[in-house]
Amino acid sequence: MQTPGHAVLNLALLGGHASPALAVPILVGAVLPDVPIAVLYLRERYVRGLSDERIWSESYQRPFWLNLIHGAHSLPLSLLGGVVALALGVAPLAAFFASVFLHALADFPLHVHDAHRHFLPFSQYRFISPISYWDVRYHGRAVALGEALLVLGVSAWLWPRVPGAARAGLAAVTVWYAINYWKSFPR
Ligand SMILES: [Zn+2]
């Protein structure tokens, strides 16, 4: 799933609109698992000048990046973090880990060859899904459209429930999805 979608979905599912104090940790938890991917991409693309093709087929496949990215998408680690945070009674931290957990859960059914090892460090298992959120060989176009519509629907639901600044964010996410879909799946 695309990173901005995680932010919108997690905010609604975890009630960030109803408890503003939790909104920031929820948003950070929703985005953080994908930050290493963004850092990798920006560095390889704009500092080293590599093509997209080489970034995904070579740089992304290095063990350092794979371990970091897959580790950030670990279901047991985020669950453990959430349980510890709850036991300590630290609500923002629990919201953060719940958001990381939801992010990993949402990615689980939508990756094919790029599936993450969601059970690190306990298992190297990767679920190879029959559908992808981006790869046209695995219904990527339909899945991406479904994801975009879901995020649009959730954004519309959140709209009257959040303050003005957050609405600007929701509008930006919607525009981003439209542009990304247009660029990813040329007619
Ligand atoms: Zn992710």
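Modeller: Ground rule for packing: contact means heavy atoms within 4.5 Å. Helices (H or I, at least four residues) and strands (E, at least two) are DSSP runs, numbered from the N terminus. This is a predicted model, where local features need pLDDT of at least 70, side-chain atom pairs count only at pLDDT 80 or more, and totals for chains, interfaces and linings use all residues. Residues are numbered from 1 along each chain as its sequence is written, and side-chain values use heavy atoms, with hydrogens and water left out.

Colleague: What do the buried residues of α1 pack against?

Modeller: They pack against α2, α7, α8 (140–158) and α9 (164–184). Buried means under 20% relative accessible area, with exposed over 50% and partly exposed in between (1.4 Å probe, protein chains only).

Colleague: How many residues of α1 are buried?

Modeller: Nine of the eleven, so α1 is largely enclosed by the rest of the structure. Among them are Pro 4, Val 8 and Leu 9.

Colleague: Which residues of α1 meet α2?

Modeller: Thr 3, His 6, Ala 7, Asn 10 and Leu 11. On the α2 side are Ala 23, Ile 26, Leu 27, Ala 30 and Val 31.

Colleague: Now the metal. What coordinates the zinc ion?

Modeller: Asp 34 (OD), His 73 (NE2), His 103 (NE2) and Asp 107 (OD), at 2.2 to 2.3 Å. Donors are N, O and S atoms within 2.8 Å of the metal (3.2 Å for Na, K and Ca); water is not among the atoms, so sites may look incomplete.

Colleague: Are His 73 and Asp 107 buried or exposed?

Modeller: Both are buried.
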